[in-house]
Amino acid sequence: MLLIDCPWCGKRPELEFAYGGQAHLVRPSRPAELGDQQWADYLYVRRNPSGLHAERWRHAHGCGRFFNALRDTTTDQFAATYKIGDRRPAG
Amino acid sequence: MKRQSWSGLSLLWRSISRHRSWREQWRQAQPKPAYDAVIIGGGGHGLGTAYYLAAEHGLTNIAVVEKGWIGGGNTGRNTTIIRSNYLFDESIRLYDHALKLWERLSQELNYNVMFSPRGVMMLAHTVHDAQVLKRHVHANRCNGVDNEWLTPTEAKAFCPPLNIGADIRYPVMGAALQRRGGTARHDAVAWGYARAADAQGVDIIENCEVTGIRRGATGTVEALETTRGLIRSSRIGVVAAGNSSVVMQMAGVQLPLESFPLQALVSEPVKAVFPCVVMSNSIHAYISQSDRGELVIGAGTDAYTSYTQRGALHVNMHTLEAICELFPSFRRLRMLRNWGGIVDVTPDRSPIIGKTPVPGLYVNCGWGTGGFKATPGSAQVFAWTMAHDEPHPINAPFTLERFRDGALIDEAAAAAVAH
């Protein structure tokens, strides 16, 4: 089980959290102008990298807040967790 | 090298002659500089694709490259359940095509894959479950695929260890039974296809990791960069399961995939106590008994994407709690081993089999948590797709473009969970 460092509550066991998938996906600002392929890319295509992955988590059974994390998918080790709105840390 | 044909008689003769005449089942091939076609990924789907390309389409100057050893990925890590009771017509055709091939696979490959159609029973624990499973029963029967609804008493008669008491957390309200479903020996599927492909002249190259895909000026694939040198080919099939995103990225193609760890575990071996396969999607319990006597138990996926081939213990505990409640007689069994595999999951939980935006590059991925059952069918239609440069009618709906066109085959919504 992962130990996840919630930016508000500190380190808590994975069971308290819900995974939220790839981070920094921005909803298109002019949706009416998007073509089918661009919609498909936004809705379905994911980076799914082998290595560092910026992803959302929610401290569902804690403070209830969303935050972002940078995790290495080849080791499951977290490089950083950071608040929503903050830029992705280097790495 | 001519393949040694096996039979009961040949086994007897080799026993009498002290087993001195057994040969290796396939060659340790060295990569050649060029092939007519190369398959990336030496699991059941990839080896099967090579076999059908050679046996049914006459392409014999081909290779399978595998970064580890063949069958060491999800082919050797799954819980071997075979069934075709999906909801949508497209899925039913695809999976039932596979099931029909399973029924004669041992004969075709001259290799005992131990296909055992012992029946797959899916349990309903809520009114919603019962409605969904009954809808599956009707959808299957409309498509000529067997599936029947059982009352709790009938379910217990089919699987005596099942607890149908009303006092458990999720009582059994009924079950859908596909009698033609069952299990097969997963390793034998990889080995059988490898041996049969090798006999057709296919090079099976293990310990050969693809590190790059070279494309020409027109965008067409030209060669693979591997840890064992450059391999030229104008036709490349990617069958890399959990690593499909990584491999396809080398050709500049982004896929609608996420890779998750999926875990399984086996108990200590016991006498034959479990006559069928039982699945419960609602409480995440998948169980059968291997011919060695181990109870083979499938757990759910972990919550997060990962390439580690392991997962957290609480996922297994969740499944074992459900197993112990449904089958109280298993409560004192000890678990022997647990492991994880990386499954590539699409948004609609249906696979992607077909061409890609890159000429000469084909992909067979997105089988998610349930690819083993489809192995022969997937391999055969994918080989057809690579040979004809167009999808076979069975896999035509399973294109990459369906996400753009909105033609999803939404087995995710149909099952509400992984399957």
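How many helices and strands does chain A have? Chain A has 1 helix and 6 strands. Keep in mind that this is a predicted model. Reading chain A from the N terminus, the order is β-β-β-α-β-β-β. Its C-alpha trace spans about 45 × 30 × 25 Å along the principal axes.

Now chain B, and its helix packing. Two packed helices are described by the angle between their axes and the distance between the axes.

Pair one. Helix H2 of chain B covers residues 44-57, and helix H10 of chain B covers residues 375-388. Their axes are 7 Å apart, at an angle of about 55 degrees. That angle makes H2(B) oblique to H10(B). The crossing of H2(B) past H10(B) is right-handed. Which residues of H2(B) meet H10(B)? They are Gly44(B), His45(B), Gly48(B), Thr49(B), Tyr52(B), Leu53(B), Glu56(B) and His57(B). On the H10(B) side, the partners include Pro376(B), Ala379(B), Phe382(B), Ala383(B), Trp384(B) and Met386(B). By class, this contact between H2(B) and H10(B) has 9 nonpolar, 9 polar and 1 charged residues.

Pair two. Stay on H2(B), but turn to H7(B). Here the axes come within 8 Å and cross at roughly 25 degrees. So H2(B) and H7(B) are roughly parallel to each other. H2(B) passes H7(B) in a left-handed crossing. From H2(B), the contact uses Gly44(B), Leu47(B), Gly48(B), Tyr51(B) and Tyr52(B). From H7(B), it uses Ala190(B), Tyr193(B), Ala194(B), Ala196(B) and Ala197(B).

Look back at H2(B) for a moment.

Leu94(B), His97(B), Ala98(B), Leu101(B) and Trp102(B) of H3(B) meet Thr375(B), Pro376(B), Gly377(B), Gln380(B) and Val381(B) of H10(B). That contact has 6 nonpolar, 4 polar and no charged residues.

Rolling a probe the size of a water molecule over the atoms shows where empty space is left. The second largest pocket has a volume of about 430 Å³. Which elements of chain B give two or more residues to its lining? They are helix H7 (186-199), strand S15 (285-289) and strand S17 (335-345). The lining has 20 residues. Nearest the pocket centre lie Thr80(B), His186(B), Ser290(B), Arg292(B) and Val296(B). By class, the lining divides into 5 nonpolar, 8 polar and 7 charged residues.

That's my tour. Over to you.

Definitions and conventions. Residues numbered from 1 in each chain as written. Chains lettered and ligands numbered in written order. Predicted model: local features only at pLDDT ≥ 70, side-chain atom pairs only at ≥ 80, totals over all residues. Heavy atoms only, no water. 1 Å grid on protein atoms, 1.4 Å probe; cavity = no way out; pocket = protein on both sides within 12 Å on 5 of 7 lines; lining within 4 Å. Points joined across faces, edges and corners; volume = space filled by probe spheres on them. Helix = DSSP H or I, 4+ residues; strand = E, 2+ residues; numbered from the N terminus. Nonpolar A, V, L, I, M, F, W, Y, C, P; charged D, E, K, R; others polar. Axes fitted to C-alpha atoms, helices over the stretch in contact; angles between N-to-C directions. Parallel < 35°, antiparallel > 145°, perpendicular 65-115°, else oblique. Left-handed = near helix turned anticlockwise from the far one by under 90°. Contact = heavy atoms within 4.5 Å.
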